[in-house]
Amino acid sequence: MNMFGREKDKTDVIETLPLVPLRDVVVFPHMMIPFVIGRPSSIKALEYALVKSKRIFLSAQHDATRDNPSPDEIYRLGTICNIVQSLKLPDGNVKVLVEGLDRGRALEFKEDQGFLKVVAKLIPRQVESGSGVEALMSKVIAHFEQYVKLSNNLHYDAMLAAVRVEDPGKLADTVSAHLVLPVDEKQNLLEILSPQERLNRIAAILETEVDKLQVDKRIQGRVKKQMERAQKEYYLNEKMKAIQKELGRKDDRLNEVEELRKKIEQARMSKEAEEKALQELKRLESMPPMSAEATVSRNYLDWLVAVPWQKKTKERKDLLAAEKILNEDHYGLEKVKERIVEFLAVRQLVNNPKGPILCFVGPPGVGKTSLAKSIARCTNRKFVRLSLGGVRDEAEIRGHRRTYIGAFPGQIVQMMKKATTRNPVFLLDEVDKMSMDFRGDPSSALLEVLDPEQNHSFTDHYLDVEFDLSSVFFIATANVLHTIPQALQDRLEVLRLPGYTEREKIEIAQRHLIPKQIKSHGLRESNVAFSEPALQELVRRYTREAGVRNMEREISSILRKVARRVVLEGKDYQLTLTSEALGDFLGVPRYRSSQQEEHNEIGMATGLAWTEVGGEILPIEVTLMPGKGALKLTGKLGDVMQESAHAALSFVRSRAEDLGIPRDFNRRIDIHIHVPEGAIPKDGPSAGITIATALVSALSKVPVRRDVAMTGEITLRGKVLPIGGVKEKLLAAHRIGVTTVILPRENEKDLADVPKNVSEAMSVQLVSHVDEVLKIALVPPDATPAREAAEPEPMGPVQDGMTH
Ligand SMILES: Nc1ncnc2c1ncn2[C@@H]1O[C@H](COP(=O)(O)OP(=O)(O)O)[C@@H](O)[C@H]1O
Ligand SMILES: [Mg+2]
């Protein structure tokens, strides 16, 4: 059988060929197509073909999903193909490349050796020609061109191949092979045997396909356009927002800059400051608005415009009014008030006051701060207060340079801003509490602030421009003077406030503290009244102070409780506070009312000290124990006080015999001098006679009178030297109910300052030698026996040349 013998006898070429049913492909003649064969029956058919003629019958199955289609489920019309290549794949499948030769019709199916064979009759190609066919061909080619262009999955080559085909049947088959159509459509094309008919059909299909594709494209285009438009709109919107934001920010920026410029103009700065500010503003303009740099710059400008460059309150110069206000605000303090009025007068006379700075010195709660406030009121100035307690760094006064991140002006400038005027009363509170350390001396900065020669051009490190402080009324306060650097002390005009007597405290409470506290607790005057004895009790047994600070605090805590009762019982509630009721409000009294309640003791004497909190009692205890003459001092005594103790001991030793003390006492014993309330550092020479008294008492076993208090420096020979703080000390003695005070004779002049009621309430004994002290302070031998503070030691034989 000649397989190429179709031309000879086209009608009855029949051969038996192995069949491979195809699931979703229709193979057309003239077409090369690769595909994979996996079904065992198909592989067997292929193998059979390969060993025979390499010819195979390929035909689509009706249903692609059928794995073993029966002959009925396979199209009868298929393609007789030549196997060009076959390749066994590792997974057992076989990849083949086949060439479609001719259509064939399966006449008969035979199952043999596990695969199907068909008895196939070759369908001869029909030859058609004529102008109609040619026109149809060019129509199909034209459509196909369009089809290829519109379709995304066809290669241009496919079209070129088609264009070259001259045979109508071959063209039809070539184009059919390239069409993307369902299997049954393709099968239809395969089954149309007339080339012209086929071309017609193809042309129709192409027309609709091209239409479809065009519609698709249009739709796609439209969709794309729509999407593009949406995207574009979104993008533009976003851009618009960004631009608006940018523009807006610029506007804000301009506003900010303009606003600052306006503020700078309105601030009425010094020329220097204004130049600096405008320069800074220019810099700010050129900075990214959100940058750290810009923030620093803005802060700086905010400070520059915020300090009071020009604004002043109109000063009141009426001295009578001033006096009136001072009297309204404060009870007593006559001398201080007088000096204040004088001071104000001088300030007025000397137009540019280069005078000293007023400085109130005294214990807490005596009205220093409150007087300064009053002065502000008198002179119609604003009031600001800077507490210097704990200030140790020059930068706290003068600020940090702007180069520091987070720098800000010093306290002086900050307070001036707070004052809002350039002529306030500026209270430098507690100048004595300012400390110095390695970071620089704040007092030198303060000196410049207070120096009228310099303070018109005060320069804060942060502001970095001169600021005029010359209209400021500076007032300082301190508890003590001695810790203030001398240079600063020289600038101060000191007004001392020593503290109040019991009488004064009661008056201050009645006239000022109680009304003030009643108001601030939201009460009415009618709600509560303090009886005189209650206030006395309050002063004596609940407070022990030179000032009235604790008393004010106690009054406030009483009023809190009263307020509660008013709330509970209605606003008509009335209470008269008696001394008996005081305990209900304040609990058990904190202090014994009087020193007289205490026992006379051996080795224990009452001294008077002058400390930051005013006059104080300073009990001194001496204890003896077996030893070798060591002297032990405890209770945080300063150097001067220790020396004073040694001096006292030396005096006692040198006078032992006269004092009835065995001369060699220090051979056998150790002496321990203790000053209780150990946490408080104590210093100064004024405890000399007290230590001597306690020593003699301990050594001679004669008790000391507890109602006697004393103060005075002692020399080795027993002379009594003058001391300071007489007034404060006498007030303290009075406070604790001492009946007799021993003072150095040379301090007699100071008694003039002591309120009459105080000095008259006690017997003040002036002495110039320790012998006089001992005579007064030691209990006469015939008096009541005393409790012994320490076990007396047996004294050994006298020995000379003892040293400590
Ligand atoms: N002489 C006085 N007259 C009226 N009130 C006084 C007097 N002395 C002190 N005060 C009041 O006592 C309280 C404590 O005074 P303050 O000025 O704070 O004392 P300091 O500053 O000396 O520690 C304030 O309420 C003050 O008004
Ligand atoms: Mg104060």
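A residue counts as near a molecule if one of its heavy atoms lies within 4 Å of it. The model described here is predicted. Around ligand 1 there are 20 residues, and those that come nearest are Gly365, Lys368, Thr369, Lys516 and Arg549.

**Polar contacts of ligand 1**

- The side chain of Lys368 places an N or O atom 2.7 Å from an oxygen atom of ligand 1.
- Ser370 takes part through its backbone, where a polar atom is 2.8 Å from an oxygen atom of ligand 1.
- Glu552 has a polar side-chain atom 3.0 Å from an oxygen atom of ligand 1.
- Ligand 1 taken alone exposes 560 Å², and the protein buries 91% of that area.

**Make-up of the shell around ligand 1**

- Three helices each supply at least two residues of the shell: α11 (368-378), α16 (502-520) and α18 (549-569).
- Helix α16 gives the largest share of the shell, with four residues.
- Sorted by class, the shell holds nine nonpolar, six polar and five charged residues.

**Nonpolar surface patch**

- Val215, Ile219, Val223 and Met227 form a nonpolar patch on the surface, and together they have about 330 Å² of accessible area.
- Val215, one of the patch residues, is located in helix α6, which spans residues 195-266.
- Val215 counts as partly exposed because its relative accessibility is 35%, and partly exposed covers the range between under 20% for buried and over 50% for exposed.

Terms used: Residues are numbered from 1 along each chain as its sequence is written. Chains are lettered from A and ligands numbered from 1 in the order in which they are written. This is a predicted model: local features need pLDDT of at least 70, side-chain atom pairs count only at pLDDT 80 or more; totals for chains, interfaces and linings use all residues. Side-chain values use heavy atoms; hydrogens and water are left out. Patches are made of residues with over 30% relative accessible area and no salt bridge: like charges are joined within 9 Å, nonpolar side chains (Val, Leu, Ile, Met, Phe, Trp, Tyr) within 5 Å. Accessible areas come from the Shrake-Rupley method with a 1.4 Å probe; for residues, only the protein chains shown count as cover. A salt bridge is a side-chain nitrogen of Lys or Arg within 4 Å of a carboxyl oxygen of Asp or Glu. Buried means under 20% relative accessible area, exposed over 50%, partly exposed in between (1.4 Å probe, protein chains only). A polar contact is a pair of N or O atoms within 3.5 Å; within protein, one must be able to donate a hydrogen and the other to accept it, and residues adjacent in sequence count only if both atoms are side-chain atoms. Ala, Val, Leu, Ile, Met, Phe, Trp, Tyr, Cys and Pro count as nonpolar, Asp, Glu, Lys and Arg as charged, and the others, Gly among them, as polar.
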